[in-house]
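This note concerns the surroundings of a ligand and the packing of helices. Please read it beside the model.

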Amino acid sequence: MTEVDLDGLHAFIASSEGSYPPVFVGREPELNTLMTAARETWHLFRTGQSGSLSKRTHIVHGAPGAGKSTLLWELDQRLHAVAPETGRPRLLYTNSAELEMDMNMVLERMEGLARLDADNWQQRLKTMASRVSGSINFGPFTTSLDPDDSLHGRPQTLGQLRERLPPDRWQTPVVLAIDEFQNIGSSEQSPVSRLLQALHEASCGLPVMLVLSGLGNSPDQARKIGLTRGLAVTGIGCLSEEEARALVRGWCRHYGLDTDEHGTEIDHFADSTGGWPRHLHFALQALAGELVRSDVDGQLSRVFWQGVMNGSMDLRRKYYYDQQSPEMQASAYLVAALMRDLQPERGPIGVDRLIHRHRRKESGWRLPDGMSSWDFQSHLIHRGVLHPGDDSSLSCPIPSFRDFLIAQGEPAPAPAQEPDGASPQP
Ligand SMILES: Nc1ncnc2c1ncn2[C@@H]1O[C@H](COP(=O)(O)OP(=O)(O)OP(=O)(O)O)[C@@H](O)[C@H]1O
Ligand SMILES: [Mg+2]
């Protein structure tokens with residue numbers, strides 16, 4: 001019989017809500033698309049079709065906890081498994097805040113990845129690490145400094161990177177993955193926007209593919225900073241029932257738990273999450289908490305499932321509570337009324353009408369200070385309360401989050417006044 005990994009379960013309990021899962025499931029179509037596109041980038045580059053490298057940017061969007069960052073991690077793992085002699089693409093992970101804070105560092109890392117096959121590269125880094133000051137991250141994403149070049153300054157622009165490392169010296173295509181893309185600044189003229197425009201247009205002819213991942217307003221943000229046409233946009237949401245069940249079973253096996261006798265409880269437990277990846281993480285943390293109790297001692301037969309589900313709901317509620325912005329809290333009744341009446345087929349104009357129908361002058365019912373109804377709508381998209389579908393309709397992507405927001409606004413005092421006037425469309 002396999003021994004139950006209690007230490008591993010303790011580590012899982014301590015892991016953060018965004019940590020890489022011990023078992024990954026689903027997302028095969030998205031991963032295949034990105035893998036194929038990355039390999040095509042290399043093929044086009046190597047066969048002299050650099051003109052076709054432009055406008056190949058991918059955007060992955062989803063509400064908070066849909067699994068966007070995890071998808072990028074998994075992509076990194078899979079790219080690692082590609083044989084180096086076929087031009088193994090490398091993933092360079094960053095997020096919008098890091099890119100805006102230190103764009104040159106990102107260019108420097110890109111140079112490092114492109115220059116050498118990364119295994120060789122890590123080896124060099126390890127042998128030279130004692131000579132270099134500054135932080136070197138050997139984490140799951142392969143992002144490293146080149147000790148030699150750090151002695152000779154950093155590329156400040158894409159043009160400089162091209163001078164330092166002309167196209168014929170690129171050893172590998174680079175997938176530049178920018179997470180939390182919804183937070184990118186919206187000026188078209190900023191240095192970061194110009195860099196991204198140049199990469200999107202492939203104006204330097206380098207084999208770099210952009211993958212932008214973020215909340216539902218990420219495609220809009222991309223357009224605002226001048227990335228036009230050629231954006232492949234993919235939304236991700238709940239895992240299917242089978243995937244959620246497979247995840248819980250795989251997770252149990254990963255920690256040495258024998259699932260044979262407990263299929264029904266496990267499936268019921270997985271179904272209670274609605275397949276939302278972050279809820280699955282919380283549910284599994286609650287289950288791990290139960291399993292490490294001394295009277296349970298890693299035995300699924302001793303688990304009190306209802307208690308685990310209650311614990312999972314508590315973690316989820318706390319998360320929902322933290323997800324609310326001060327603006328949402330100040331307009332809690334308005335948000336609740338909006339959530340209650342929201343029909344999935346409503347687009348931005350329909351949602352704006354709904355806001356106007358419900359807004360009042362009283363506290364809790366009015367729009368947050370300084371916000372128009374359109375600002376508030378954007379804010380709700382930015383917080384993952386509303387998420388655009390493929391047909392540009394807006395809905396709340398997580399049913400239990402919607403229920404929570406409705407409950408937050410209850411019991412709402414009956415509005416005494418007429419609606420609080422309308423604001424013009426932007
Ligand atoms: N495909 C998957 N298989 C297994 N677990 C997953 C999967 N996707 C996500 N998870 C788990 O769900 C949780 C949320 O995932 P993640 O942090 O990637 O979401 P996110 O969309 O990046 O959220 P945020 O918008 O808050 O950054 C993590 O604990 C992760 O381990
Ligand atoms: Mg994330």
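This is a predicted model: local features need pLDDT of at least 70, side-chain atom pairs count only at pLDDT 80 or more; totals for chains, interfaces and linings use all residues.

1. Residues are numbered from 1 along each chain as its sequence is written, while chains are lettered from A and ligands numbered from 1 in the order in which they are written.

2. Around ligand 1 there are 21 residues, of which G67, S69, T70, P277 and H281 come nearest (a residue is near if its C-beta atom, placed from the backbone, lies within 6 Å of the molecule). Two or more residues of this shell come from each of α3 (68-80) and α13 (277-291); helices are DSSP runs of H or I, at least four residues, numbered from the N terminus.

3. Domain 1 (6-15 + 240-323) and domain 2 (28-235) each give at least three residues to the shell around ligand 1, the bounds coming from an automatic or database domain assignment.

4. Helix α2 (residues 28-46) packs on α3 at about 50°, with axes 10 Å apart (axes are lines fitted to C-alpha atoms over the stretch in contact, and angles run from 0 to 180 degrees between N-to-C directions). In this contact, E30, L31, L34, M35 and A38 of α2 meet L71, E74, L75, R78 and L79 of α3, contact being C-beta atoms, placed from the backbone, within 7 Å.

5. Helix α1 (residues 6-14) and α13 pack at about 140°, their axes 9 Å apart. L9, F12 and I13 in α1 meet Q285, A288, G289 and L291 in α13.

How values were computed
Two residues are in contact if their C-beta atoms, placed from the backbone, lie within 7 Å.
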